[in-house]
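Visitor: I am new to this structure and would like to learn how its features are read. Could you show it to me and then take my questions in turn?

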Amino acid sequence: MKVTRETIQHVAHLARLNLTETEKERLTSDMEKIISYVDKLNELDTSGILPMEHVIPIRNVLREDKAEKSYDREKILSNAPLSEDGCFKVPKVVE
Amino acid sequence: MELYELSAHELSGLIKNKKLSVVELTDTILKRIENIDSSVGSYVTVSGVEALKKAGQIQEKIDKGANLPALAGIPCAVKDNMCTEGILTTCASKILNNFIPPYNATVIDRLNAEETVLLGKLNMDEFAMGGSTENSWFKQTRNPWNPERVPGGSSGGAAAAVSCGEAVFALGSDTGGSIRQPASFCGVVGMKPTYGAVSRFGLVAFASSLDQIGPLTRDVTDCALVLNAITGHDPKDSTSAAVEYPDYTRALVNDVKGLKIGIPREYMSEGLNPEVGKAVMEAAAVLEKLGAVCEEISLPITEYAIPAYYIISSAEASSNLARYDGIKYGYRAEKFTDLLDLYKQTRSEGFGAEVKRRIMLGTYALSSGYYDAYYKKALQVRTLIRKGFDEAFEKCDMVLGPTAPTTAYKIGEKADDPLAMYLGDIYTVSANIAGLPGLVVPCGFDGSGLPIGMQLIGKPFDESSLLRAGFTFEQNTGYHKLRPGI
């Protein structure tokens, strides 16, 4: 499958990445090679085969709707790049 | 042997018999790190002050006559993708270069319950993506057996540290071979437990359906001791398996009579370095002489494991790494125009090239129009891979083969060809895809003196059989006693 610069541009936007010109070139070429390689999977007949998302039978873990101890606010904010008044400070989200 | 070269069980004996103090042992290993780590580069963070303090507290308990766990007083280190409260946890990435977790990973709590001494955090490929530790934002770890060679990856720091006496044992993580391959390259024992056996709570997620934490140790006995400490159901991890976990030290029996071992013909074919192949077949012969029955089997889907792996792991990684947005923790770009640009600049400046490559691949595979062709297809192939092993396990108890197609290659040799790097995972990824346990045990050296490890893959939750085979092999050979001599 051909990977074009447009594809790279689109996928980079979905992945929230800004790519330099050099990166775009490099990635177009790398992805092209890798995608061609993984196209190999089409050699296998998988009709009727169920996709396996998890290797062990697991179910969602639920608990009682009881308030339990949470983390100390100071501790959580200590890693914030920018904080103010007990909140994470971010650029304007809504116009 | 030097103090820092002994195994955990040997040191434990000395500590319990009061022949060695925990403080003296911890100090010896910290000095070892001070002497050689500027050359080896295993550590990102050494927490020496905290380690000595903890050592003193443990020694006090011993002096008071307390009955302590098997690994009490043993200095260890963990890969830098496991959250350690109050200690920098970076995943060897710029985007987390200043991140100090406010909580411990479950495995850290379990090591603390064992009264071990945490020495620090170990170098790795960024976000566990890589097979050589060349993708670390901080430094290159060097193979203690030859400094121009890679230690393997992504748990390169862990394997190197255990190999050259900078930690008695380490915890690594394995998504596509990241414990087993560096164990093979550095001549130590490495195990990836069955998926679900070790809690992933506090392990920075790479690929949620593939990641597992596991031990890197000097011998199989130590591996069993560490497994006892870290396995077990954890209510904080919804993928943790609620099964019975045995005492793994009961598997340490020198007997493989009647054990059925399958050697896949697809593993022993072209692409495998002949010296590696020879060492692995000689190891199989040792086990056969001791009563195991080795037979050639077929795992025909083997060649499809790598493409399936790279789609599944990249897709899951693209989801898991979406959280790194510069908002609540980690690196935030300084120059940006609006919120969207903050995200893009932060991530572009914070992530390395390999991480970006995998995120792009994963995003592509999951995107509208491609999801069925790539991600869904890969999951169907996953079912086939698991089926292949289930069928093999009807005829044999475990699968034996090489861990990697080569021994440790030169730093820089594969850096320009990501696909070539990916192909090195051929023998390890299937175990992650199928969720099976895998044990690597040193079994020889190549002509340049570089270590070779054989890999045993077992039935789900049958780590005990793998340990028994590995222990028997060790008791009848001597590779686990050799050290790199730096």
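This is a predicted model: local features need pLDDT of at least 70, side-chain atom pairs count only at pLDDT 80 or more; totals for chains, interfaces and linings use all residues.

Visitor: In what order do the strands of the open sheet in chain B stand?

Guide: Residues are numbered from 1 along each chain as its sequence is written, and chains are lettered from A and ligands numbered from 1 in the order in which they are written. Strands (E, at least two residues) and helices (H or I, at least four) are DSSP runs numbered from the N terminus, and two strands pair if DSSP finds at least two bridges between them. In chain B, eleven strands form an open sheet with mixed pairing, in the order S1-S3-S2-S4-S6-S5-S10-S11-S9-S7-S8.

Visitor: Which strands stand at the edges?

Guide: Strand S1 (43–46) and strand S8 (293–297) of chain B do, each with a single partner strand, so one side of each has no neighbour in the sheet. For S1(B), strand S3 (residues 117–122) of chain B pairs in the antiparallel sense over three bridges, and Tyr43(B) stands opposite Leu122(B) in S3(B).

Visitor: Is strand S10 of chain B mostly covered or mostly uncovered?

Guide: A residue is buried if 20 or more other C-beta atoms lie within 10 Å of its own, exposed if 12 or fewer, and partly exposed in between, with C-beta atoms placed from the backbone. Strand S10 (residues 438–445) of chain B is mostly covered, with seven of its eight residues buried. S10(B) pairs in the antiparallel sense with strand S5 (residues 189–192) of chain B over three bridges, and with strand S11 (residues 451–458) of chain B over seven bridges.

Visitor: At what angle do helices H2 and H3 of chain B cross?

Guide: Two packed helices are described by the angle and the distance between their axes. Axes are lines fitted to C-alpha atoms, for helices over the stretch in contact, and angles run from 0 to 180 degrees between N-to-C directions. The axes of helix H2 (residues 22–40) and helix H3 (residues 48–63) of chain B come within 8 Å and cross at roughly 160 degrees. That makes H2(B) roughly antiparallel to H3(B), a term for angles over 145 degrees, whereas those under 35 count as roughly parallel, 65 to 115 as roughly perpendicular and the rest as oblique.
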